[in-house]
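User: Hey, I've got a protein model open and I'd like to talk it through. Can you help me make sense of what I'm seeing?

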Amino acid sequence: MKKIIFIALVALTSNVTFSQKNKTATKKPGATATAKGVLAKADNLVAEVKSGTFQLTINENGKPKDAITIKNVDAKFAPTNTKLTAFKANGAALYLLTYTENNILKTDLKTEDMTTVTSIIYEIPTKKQVFSNTQMTNHIIEKVFLDKLKNASETQERLRREGFEFTLNPDGSITQKNKTQENKWVYDVAKMEYVDAKKKK
């Protein structure tokens, strides 16, 4: 009889402990929605989606003070690899925002899988965008007919690139590259913008 009572007490204690652990893990209503809106943080800046706007919120003492609108977006907007990076260029404090967008366009004969990487640099005190770069990679799979009567076909696959690959260098300068061209940019503090490194010399 004592054994039965002991086993019952152990089972009851385990059940209570398990229930308490479950309660601790439960998230507050609305917590997920808030986390989903915030995409990246750096210092007092927050990259987030608010009321249909993708923006950089500038906080002061932990509260929103101002914001820079990046672009208006719809409910389908779901960027990945969103990052905010603080850096210095010629002594000036700047911030780089990078994010990736994926879009797929489909028809009966063609599928286009497009990946767009956007890089934007901001000078926060003046809320000025000082540089912007967009690189798009389009992976295309297409069914192509080989005769007029459309009896024979083949699947063709190709990769198309547009724009430049963006690199932020350790000294705050920028390099843009594609297959045929390479550009280098340096920050001009007086103009508050990036200028061609060759002309700067």
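User: Let's start with R160: is R160 buried, exposed or partly exposed?

Analyst: This is a predicted model, and in it R160 counts as partly exposed, because its relative accessibility is 39%.

User: Which residue does the side chain of R160 meet in a salt bridge?

Analyst: That's E162, with 3.5 Å from N to O. E162 is partly exposed too, with a relative accessible area of 37%.

User: How many salt bridges turn up in the whole structure?

Analyst: A search finds 7. One of them joins K71 and E101, whose closest N and O atoms are 3.0 Å apart. K71 sits in strand β4 and E101 in strand β6, so this pair ties together parts that are 30 residues apart in sequence.

User: Is E101 buried or exposed?

Analyst: E101 counts as buried, because its relative accessibility is 18% and the cut-off for buried is under 20%. K71 is partly exposed, at 27%. There's also a salt bridge between K110 and E112, at 4.0 Å from N to O. There, K110 is partly exposed at 26%, while E112 counts as buried at 15%.

User: OK, new topic. What secondary structure does the chain have?

Analyst: It comes to 3 helices and 13 strands. Five of the strands form an open sheet in the order β5-β6-β7-β8-β9, with antiparallel pairing. The edge strands are β5 (80–89) and β9 (153–163), and each of those pairs on one side only. From one strand to the next, the twist averages 10°.

User: How many bridges join β5 to β6?

Analyst: There are 8, and the two strands run antiparallel. If you want to trace them, T80 has T100 as its bridge partner in β6, and A86 stands opposite Y95. The hairpin of β5 and β6 has 2 residues between the strands, and N90 there takes a positive phi near 50°.

User: What about the inside? Which residues have the most contacts in the largest nonpolar core?

Analyst: That core has 18 residues, and the ones with the most contacts inside it are F54, L56, I70, L84, L97, Y122 and I124. Several elements give two or more residues to it: β1 (38–42), β2 (45–50), β3 (53–60), β4, β6 and β7 (110–123). Apart from it lies another core of 12 residues, among them A89, F131, Y187 and Y194.

User: Which residues does L56 touch?

Analyst: Leaving out neighbours within four places in sequence, L56 is in contact with V46, A47, D66, A67, I68, I70, L84, Y122 and I124. I68 is found in strand β4 and counts as buried, because its relative accessibility is 6%.

User: How far apart are the C-alpha atoms of I68 and Y122?

Analyst: They're separated by 9.4 Å, although the two residues are 54 apart along the chain. Y122 is also among the contacts of I68, along with F54 and I124.

User: Last one: is K199 buried or exposed?

Analyst: K199 is exposed, with a relative accessible area of 72%. You'll find K199 in helix α3 (residues 197–200). Its C-alpha is 9.5 Å from that of W185, which is 14 residues away in sequence.

User: And what share of the whole chain counts as buried?

Analyst: Of the 201 residues, 32% do.

Key. Residues are numbered from 1 along each chain as its sequence is written. This is a predicted model: local features need pLDDT of at least 70, side-chain atom pairs count only at pLDDT 80 or more; totals for chains, interfaces and linings use all residues. Side-chain values use heavy atoms; hydrogens and water are left out. Two strands pair if DSSP finds at least two bridges between them. Helices (H or I, at least four residues) and strands (E, at least two) are DSSP runs, numbered from the N terminus. Axes are lines fitted to C-alpha atoms, for helices over the stretch in contact, and angles run from 0 to 180 degrees between N-to-C directions. Buried means under 20% relative accessible area, exposed over 50%, partly exposed in between (1.4 Å probe, protein chains only). Contact means heavy atoms within 4.5 Å. A nonpolar core is a set of buried Ala, Val, Leu, Ile, Met, Phe, Trp, Tyr and Cys residues joined through side-chain atoms within 4.5 Å.
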